[in-house]
Amino acid sequence: MAEHPAYPVGLRLTGRRVVVLGGGQVAQRRLPALIAAGAGIILVSPEVTPSVQAMADAGEITWHQRAYEEGDLADAWYALIATGDTEANTRASAEAERNRVWCVRSDDADEATAWTPATGHSEGVTVAVLTTDARGRDPRHTAAIRDAVVEGLRDGTLVAPHHRTRTPGVALVGGGPGDPDLITVRGRRLLAEADVVIADRLGPRDLLAELPPHVEVIDAAKIPYGRYMAQEAINNALIEHAKQGKSVVRLKGGDPYVFGRGMEEVQALAEVGIPCTVVPGISSSISVPSAAGIPVTHRGVAHEFTVVSGHVAPDDERSLVDWPSLARLTGTLVILMGVDKIGKIAETLVAHGKPADTPVALVQEGTTAAQRRVDATLATVAETVRAEDVKPPAVIVIGEVVEVGPTAGALRK
Ligand SMILES: C[S@@+](CC[C@H](N)C(=O)[O-])C[C@H]1O[C@@H](n2cnc3c(N)ncnc32)[C@H](O)[C@@H]1O
């Protein structure tokens, strides 16, 4: 028979029976996409890998622990034949052919009636790459093309304008700690599609320079109003632009809901009926210590970490933090917005029982080119901050984890 190109199609498998024969590496690789497609998966195999077992235990697939038997494919819409037994695979693909069930065969693409393309996802589309015919099949080449397309769409080197009308509204995007590479893929995509971006002082400001000239960038720190009016002014700016039918991105540092007033903005938008998407971000509370070589937890050292705002001093009546309780914890304390008040904070922790020689690290402008780390103890931190001129933004880490480094495990033995 002359070789014709394969006909590409997207199978809508939700609730439809898909039979997978064999529970080895091939099944392990293919099952997640079938599960994601909502298929009703029956897996037939005497043995499975631990990952496949976990999918069965989680109820994502139904596992029949036995070898393939004639009739297994009778009611299937689609089949994946991947047992280690070529003879069983041949019998199963003959059954699939008789029942007109499209089937992929891992050991013999020529005998299969369907091929799995190399797939990837970007911007709400699935990219699927197939070679034209069996002779030209080269899975590495198709995977490389898939990677090139998906990467290109993600980093903007492949431009694919949207022609459908975009939904106007606001996206509250957590931009991560500052390094432009540490924003999420979704955040970056929404940024690339925005008409208006309202950005904070913290976060990946370098990304703003990459925006096309028609995008209006508003610096939230410069919105003219008194200090206490600033949030209301930002809310109003979000509402005003969204009401004009624009796609508005509110770009925030770290995660929008970690000391970011994100929910206040969501509430203000909800009050006037404007849709708002929230995109989580990598919070500085974990990523900045991490970038400076400090794990917030470490086996045998810290079983908890507590993230605290230090923007008001412990003796300030507005403080909602129970500092005496924090002094009793044995885990890691991570303090944001605490540079100005660190002297009072350290004093309070020591007064309530935290050892004065507890290690402290201050990481200023973490993940940016200007990152620097200054180490001290609770006893010395106030003086160190003055002497070293540590300035906000900085994350302060208090606890034994500060001294855990790449070689500490070896030293501790
Ligand atoms: C208003 S809070 C916002 C926190 C943010 N939502 C998050 O999840 O990271 C600002 C504080 O976060 C910390 N911070 C944010 N980015 C930082 C960075 N790149 N380096 C050091 N500290 C940072 C500082 O303590 C700063 O004062």
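**A parallel sheet and its domain setting**

In the predicted model, Ala 199 has Asp 219 of β10 as its bridge partner. This bridge belongs to a strand pair. Strand β9 covers residues 196-199. It pairs with β10 in the parallel sense, over 4 bridges.

The two strands are part of an open sheet of 5 strands. The order across the sheet is β10-β9-β11-β8-β12. The pairing is parallel. Strands β10 (216-219) and β12 (276-279) stand at the edges. Each has a single partner strand, so one side of each is left without a neighbour in the sheet. From one strand to the next, the twist averages 15°. In general, strands of a sheet pair through backbone hydrogen bonds, and the pairing is either parallel or antiparallel.

The protein chain is divided into domain 1 (17-116), domain 2 (169-279) and domain 3 (286-409). The centres of domain 2 and domain 3, taken over C-alpha atoms, are separated by 29 Å. These two domains also touch. On one side, 7 residues of domain 2 take part, in contact with 10 residues of domain 3. The side of domain 2 that touches domain 3 has 4 nonpolar residues, 2 polar residues and 1 charged residue.

Notes: Residues numbered from 1 in each chain as written. Predicted model: local features only at pLDDT ≥ 70, side-chain atom pairs only at ≥ 80, totals over all residues. Pairing = 2+ DSSP bridges. Axes fitted to C-alpha atoms, helices over the stretch in contact; angles between N-to-C directions. Domains from an automatic or database assignment. Nonpolar A, V, L, I, M, F, W, Y, C, P; charged D, E, K, R; others polar.
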